[in-house]
Amino acid sequence: CNNLSNLVYLDLGYNDLGPEEIEKLSQCNNLSNLVYLNLSWNNLGPEGIEKLSQCNNLSNLVSLDLNNN
């Protein structure tokens, strides 16, 4: 997670991610430059969406795709 500070676009669609993976992603402090995040077609469910909503390090996010979760 240390090498992600310059990342602005992250596409994690179709990766079978669930709440546990989203919790780990939300703990990464180097995502503050992220502008686009695609999490479509995963298995986030209400718990994963809740964990994502509590993430404080996505303040520059402009586009978030949660389609089909």
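Colleague: What share of the contacts with a separation of 6 or more comes from residues 24 or more positions apart?
Modeller: In the protein chain, such pairs account for 87% of the contacts with a separation of 6 or more. A contact here means heavy atoms within 4.5 Å. Please note that this is a predicted model, in which local features need pLDDT of at least 70 and side-chain atom pairs count only at pLDDT 80 or more, while totals for chains, interfaces and linings use all residues. Residues are numbered from 1 along each chain as its sequence is written, and side-chain values use heavy atoms, with hydrogens and water left out.

Colleague: Which pattern does the chain follow along the sequence?
Modeller: The pattern is β-α-β-α-β, with two helices and three strands. Helices (H or I, at least four residues) and strands (E, at least two) are DSSP runs, numbered from the N terminus.

Colleague: And how many Å is the radius of gyration?
Modeller: The radius of gyration is 11 Å, close to the 11 Å that the globule rule gives for 69 residues, so the chain is as compact as a globular protein of that length. That radius is taken over C-alpha atoms, and the globule rule is 2.2 Å times the number of residues to the power 0.38. Along its principal axes, the C-alpha trace spans about 25 × 20 × 15 Å.

Colleague: What percentage of the residues count as buried?
Modeller: Of the 69 residues, 35% count as buried. Buried means under 20% relative accessible area, exposed means over 50%, and partly exposed lies in between (1.4 Å probe, protein chains only).

Colleague: Which residues have the most contacts inside the largest nonpolar core?
Modeller: They are I22, L37, L39, L52 and L58, in a core of 13 residues. Such a core is a set of buried Ala, Val, Leu, Ile, Met, Phe, Trp, Tyr and Cys residues joined through side-chain atoms within 4.5 Å.

Colleague: What does L37 touch?
Modeller: Not counting residues up to four places away in sequence, L37 touches L10, L52, L58, L61, S63, L64 and D65.

Colleague: Turning to S26, is it buried or exposed?
Modeller: S26 is buried, at 18% relative accessible area, and lies in helix α1. Leaving aside neighbours within four places in sequence, S26 is in contact with K51, C55 and N57.

Colleague: On to charges: how many salt bridges are there?
Modeller: The count comes to two, a salt bridge being a side-chain nitrogen of Lys or Arg within 4 Å of a carboxyl oxygen of Asp or Glu. K51 pairs with E23, with the closest N and O atoms 3.6 Å apart. This pair links distant parts of the chain, since K51 is in helix α2 (residues 45-53) and E23 in helix α1 (residues 19-26), 28 residues apart.

Colleague: Which residue does K51 meet at 3.9 Å, N to O?
Modeller: That residue is E47. K51 and E47 both lie in helix α2, four residues apart, about one turn of the helix. Salt bridges that share partners join E23, E47 and K51 into one network.

Colleague: Which residues make the nonpolar surface patch?
Modeller: V8, Y9, V35 and V62 make a patch of about 380 Å². Patches are made of residues with over 30% relative accessible area and no salt bridge; like charges are joined within 9 Å, and nonpolar side chains (Val, Leu, Ile, Met, Phe, Trp, Tyr) within 5 Å. V8 sits in the segment before β1 (9-11) and is partly exposed, at 43%.

Colleague: One backbone point: what is the phi of Y14?
Modeller: Y14 has a positive phi of about 60°, although it is not a glycine. D16 also has a positive phi, near 55°, and is a residue other than glycine. Y14 is found in the loop between β1 and α1, and D16 is placed in the loop between β1 and α1 as well. Y14 counts as exposed at 61% relative accessibility, and D16 is exposed at 56%.

Note on methods: Areas by Shrake-Rupley, 256 points an atom, 1.4 Å probe, with all protein chains shown as cover.
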